[in-house]
Amino acid sequence: MKKVSIGFVVAGLLAVVILLSNSMYTTAENEYTVVKQFGKIVSTNDTAGLRFKMPFVQSVSSVPKAKQIYDLPQSEAITSDKKTMLVDAYVIWKVTDVKAYTSSLNASSATAQGRIDVIVYNAIKNTISSMTQEELIASRDSAVRIEPTDAELEDVEINDLSDNTQNEEESVDVIVISDKLLTCVGTQCDQYGIDIMDIKIKVLDLPDENKEAVYNRMITERNNIAAAYKAQGESEAQVIKNTTDAEVTVMLSEAQATADATIAEGEAEYMRILSEAYNDEGKADFYTFALELDAVKASLCNGNTTLFLDRDNPIAQIFNGAE
């Protein structure tokens, strides 16, 4: 009899333990708890603590409160200028309304990611299709200012290559693509009790099959720009050369004219000095005699030792007197 009573006590204690364990539950700091009764949500809790529920009738499930990351599969999108881009992005999201999250998605993270995938994928497609490839690349990371490129510089006018004033005045602001995506998503996830906090682009690139063609086109465009700059430089160099040659010609002409005038003035001064030096008859005769001696000296050259003079010549008279 005593053994039977001890068995009842033990069984009673076990029953109490089981009853208490099914009557109590805890809510952690980083989670929500949802209490259901026959599949219907009875209550939700978002603060940490110990709570009670009806045992065996009510069930408790937990939902993460922290931010979660969902990595979207890579996909292709076409820009407004018909360029195909490869997009790889991820989403930062969290549960904000645990009741709506549980009612609509059965508190399933996989189901929630499926809804996020569809919504964000459509937002990416719509956003990229409204932007050109240049705007898209410029706005991947942060807000920047891009300059109009006149149809990507395909038609470059030489006279406009060095004029940047107009481009600076026409620069425009470009919004961050993440902001455009969030705006496009809007409140579509509110019905699921989800808040999409951010959408980040990991990869924004050309598909492999298009890269080579695009690179070749870019090389051709850059070569055309380089050729235009080279042509402009050669044109300006030729203008400078022609101007310099003309200036040198004028300077040489002026220098030659100055030199000729100086020589003429020097010769005139020389003749004036000679005229003053031999102004009387005796000096004039001596000058004539000196010129005759120079003429004789010039004649007696190259082995020529014979000189014919008139008997009355002053030089001949000198020779005759020497005899």
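At 29% relative accessibility, R217 comes out as partly exposed, a label for residues between buried (under 20% relative accessible area) and exposed (over 50%), using a 1.4 Å probe and protein chains only. Its salt-bridge partner is E221, with the closest N and O atoms 2.7 Å apart; the term covers a side-chain nitrogen of Lys or Arg within 4 Å of a carboxyl oxygen of Asp or Glu. E221 itself is buried, at 8%. Both residues sit in helix α8 (residues 208-277), four residues apart, or about one turn of the helix. Helices here are DSSP runs of H or I with at least four residues, strands are runs of E with at least two, and both are numbered from the N terminus.

This is a predicted model, so to speak of local features takes pLDDT of at least 70 and side-chain atom pairs count only at pLDDT 80 or more, while totals for chains, interfaces and linings use all residues. Residues are numbered from 1 along each chain as its sequence is written, and side-chain values use heavy atoms, with hydrogens and water left out.

The salt-bridge count comes to eight. One of them pairs K202 with D71, the closest N and O atoms being 2.9 Å apart. K202 is partly exposed at 41%, and D71 is partly exposed at 42%.

Then there is D81 with K83, where the closest N and O atoms are 3.9 Å apart. D81 is partly exposed at 25%, and K83 is partly exposed at 24%.
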